[in-house]
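Thanks for coming. I have one structure to go through today, and I will keep it brief.

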Amino acid sequence: MAVRGHSMEPALREGDWLFVIPPRRPPRSGDVVLVRDPRERARLLLKRVAAVTGEGVVVAGDHVDHSTDSRHFGALPLSDVVGRAAFRYAPLTRIGPLGRG
């Protein structure tokens, strides 16, 4: 998947390409996840997990001024987590696994 926008800078930049794996475990704080946008279900958002609560997953962009996230729409149900970004494969100068923020 290609990163679009600036909400995850500086960790992820527009034009980065990521390998996203299906969730095999509950997300952990710091994971970068792909989630369904609760305002437009067909749209996917790439965000960092800020917390996992009884209400669901709280996500946030790394660049707060450019991010629409749980501050705007609240916690997301675990079922809205589509996958976890595991590896950046392009551009070649930025290739490598994604750590937890």
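I will take the salt bridges, then one tyrosine, then the pocket.

Before that, a reminder that this is a predicted model.

Salt bridges, then. The count comes to 8. I will go through three of them.

Take Asp16 and Arg94. Their closest N and O atoms are 2.9 Å apart. Asp16 sits in the segment before strand 1, which covers 17-21, and Arg94 sits in the loop between strand 5 and strand 6 (96-97), so this pair ties together parts that are 78 residues apart in sequence. Are the two partners buried or exposed? Asp16 has a relative accessibility of 2%, so Asp16 counts as buried. Arg94 has 17%, and the cut-off for buried is under 20%, so Arg94 is buried as well. This pair also belongs to a network of salt bridges that links Asp16, Arg88 and Arg94.

Next, Arg25 and Asp31. Their side chains form a salt bridge with an N to O distance of 2.9 Å. Asp31 is buried, at 2% relative accessible area, whereas Arg25 counts as partly exposed at 27%.

Strand 3 itself runs over residues 40-53. Arg48 is buried at 13%, and Asp62 is partly exposed at 29%. What else does the side chain of Arg48 approach? One of its polar atoms lies 2.9 Å from the backbone oxygen of Gly30.

Now the tyrosine. Tyr89 is in strand 5, residues 81-90. Its relative accessibility is 38%, so Tyr89 counts as partly exposed. Which residues does Tyr89 contact, leaving aside neighbours within four places in sequence? They are Met1, Trp17, Leu18, Phe19 and Ile95. For Met1, the separation from Tyr89 is 88 residues in sequence, while the C-alpha to C-alpha distance is 9.9 Å.

The largest pocket holds about 350 Å³ of space. It is lined by 17 residues, and those closest to its centre are Arg4, Ser7, Arg43, Leu44 and Leu45. By type, the lining divides into 8 nonpolar, 5 polar and 4 charged residues.

That is what I have. Questions are welcome.

Notes:
Residues are numbered from 1 along each chain as its sequence is written. This is a predicted model: local features need pLDDT of at least 70, side-chain atom pairs count only at pLDDT 80 or more; totals for chains, interfaces and linings use all residues. Side-chain values use heavy atoms; hydrogens and water are left out. Helices (H or I, at least four residues) and strands (E, at least two) are DSSP runs, numbered from the N terminus. A polar contact is a pair of N or O atoms within 3.5 Å; within protein, one must be able to donate a hydrogen and the other to accept it, and residues adjacent in sequence count only if both atoms are side-chain atoms. On a 1 Å grid over the protein atoms alone, a cavity is a set of points where a 1.4 Å probe fits but cannot get out, and a pocket is an open set with protein on both sides within 12 Å along at least five of seven lines; lining residues have an atom within 4 Å of a point. Grid points are joined across faces, edges and corners, and a volume is the space filled by probe spheres set on the points. Ala, Val, Leu, Ile, Met, Phe, Trp, Tyr, Cys and Pro count as nonpolar, Asp, Glu, Lys and Arg as charged, and the others, Gly among them, as polar. Buried means under 20% relative accessible area, exposed over 50%, partly exposed in between (1.4 Å probe, protein chains only). Contact means heavy atoms within 4.5 Å. A salt bridge is a side-chain nitrogen of Lys or Arg within 4 Å of a carboxyl oxygen of Asp or Glu.
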